[in-house]
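Please open the model in your viewer and keep the selection panel at hand.

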Amino acid sequence: MEELLKTNLDTIFNYALFITGNREKALDLMQDTIVTVLSKKHLYKEEEHFKSWIFRILKNNFINKIKHDSILGEISFSEFAKDDE
């Protein structure tokens, strides 16, 4: 698994950069994806194409990050503080 990741790091980063549009966010997404892949490597089926599998994980991590950020961003601290006045 580690060898597959090493040989595909550029591809993973390029896809992350494509969907985020930002180098820093792409690096974060890439790191999150690698952690997920390593923690779920037991679920990888050899007959599955590795790039398809990892791209699906990367995309799902990206979507989850957007959902998480939008939930946290719905109520800002300044809006919350206004209620106390």
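What follows is a walk through aromatic pairs and their surroundings.

This is a predicted model, in which local features need pLDDT of at least 70 and side-chain atom pairs count only at pLDDT 80 or more, while totals for chains, interfaces and linings use all residues. Residues are numbered from 1 along each chain as its sequence is written, and side-chain values use heavy atoms, with hydrogens and water left out.

Rings of Phe, Tyr and Trp (its six-membered ring) are taken as a pair if their centres lie within 6.5 Å, and their planes count as stacked under 30 degrees apart, as edge-to-face over 60 and as tilted for the rest. By this rule there are four aromatic pairs. Select Tyr15 and Phe55 to begin: the ring centres are 4.6 Å apart and the planes stand at 40°, so this pair is tilted. Tyr15 sits in helix α2 (residues 9–20) and Phe55 in helix α4 (residues 50–73), 40 residues apart, so that the pair links distant parts of the chain; helices here are DSSP runs of H or I with at least four residues, numbered from the N terminus.

Colouring by accessibility, with buried meaning under 20% relative accessible area, exposed over 50% and partly exposed in between (1.4 Å probe, protein chains only), shows Tyr15 as partly exposed at 22% and Phe55 as partly exposed at 24%.

Next, select Phe50 and Trp53, whose ring centres are 6.1 Å apart with planes at 45°, so this pair is tilted. Phe50 and Trp53 are three residues apart in helix α4, and are therefore separated by about one helical turn. Phe50 is buried, with a relative accessible area of 6%, and Trp53 is buried at 6%.

Methods:
Helix = DSSP H or I, 4+ residues; strand = E, 2+ residues; numbered from the N terminus.
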